[in-house]
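Please read it alongside the sequence and coordinates.

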Amino acid sequence: MSYDDQNIFAKILRGEIPSIKVYEDDRVLAFMDIMPQADGHTLVIPKASAVTLLDLDPAEAAYTIQIVQKIARAIEKAFDAKGIVLMQLSGAAAGQTVPHVHFHLIPSSIHQMRTHAAQMGDQVAITQHAEKIKAALAEID
Ligand code: AMP
């Protein structure tokens, strides 16, 4: 699928719009979802341009999953999470709303999550959640 470099995550990657980051390296960025389905809802995205998981270079997919696991460990620690939902929507038909491949990490039960991409979260609370995740990352690194 052709990649639209004006999508919102491409703009975040270029620093054109703000995001609440918890992790960044040369290949991956992790930041807070602004419409969290649970406290601590985090997005992990490869920097490579790809719309869906099916478009993503396998090596980038493999590396991104390593970082997904690292962030999941930090979320588990930060929120004392008993379970974490890993969600990846590929294609509008699956409900994907932002056309840059991303992995959702949601410390919640699949039965208790808030509705997807429905309601803006409280920015102060989200920033506090990001601080907790960053502190946990620093401790487990
Ligand atoms: P999806 O529907 O799987 O493409 O998920 C896109 C996610 O991006 C949703 O959970 C939205 O709440 C989230 N989102 C949209 N815009 C932003 C933004 N500017 N910063 C952080 N998260 C965003």
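A residue counts as buried under 20% relative accessible area, exposed over 50%, and partly exposed in between, using a 1.4 Å probe and protein chains only. The model is predicted: local features need pLDDT of at least 70, side-chain atom pairs count only at pLDDT 80 or more, and totals for chains, interfaces and linings use all residues. Residues are numbered from 1 along each chain as its sequence is written, and side-chain values use heavy atoms, with hydrogens and water left out.

**Ligand shell**
- Helices (H or I, at least four residues) and strands (E, at least two) are DSSP runs, numbered from the N terminus.

**Polar contacts and burial of the ligand**
- A polar contact is a pair of N or O atoms within 3.5 Å; within protein, one must be able to donate a hydrogen and the other to accept it, and residues adjacent in sequence count only if both atoms are side-chain atoms.
- A polar side-chain atom of Asp-33 is 2.5 Å from a ligand oxygen.
- For the side chain of Thr-97, an N or O atom lies 2.7 Å from an oxygen atom of the ligand.
- Gly-95 contributes a polar backbone atom, 3.2 Å from an oxygen atom of the ligand.
- The protein buries 94% of the 500 Å² that the ligand exposes when taken alone (Shrake-Rupley method, 1.4 Å probe).

**Loop residues**
- Asp-80, in the loop between helix H2 (58–79) and strand E4 (85–87), has a positive phi of about 50 degrees although it is not a glycine.
- Asp-80 is exposed, at 54% relative accessible area.
- Ala-117 also is not a glycine and has a positive phi of about 50 degrees; its loop runs between strand E5 (103–106) and helix H3 (123–140).
- Ala-117 is partly exposed because its relative accessibility is 35%.
- His-100, in the loop between E4 and E5, is buried, with 0% relative accessibility.
- The side chains of His-100 and Tyr-3 make a polar contact of 2.5 Å.
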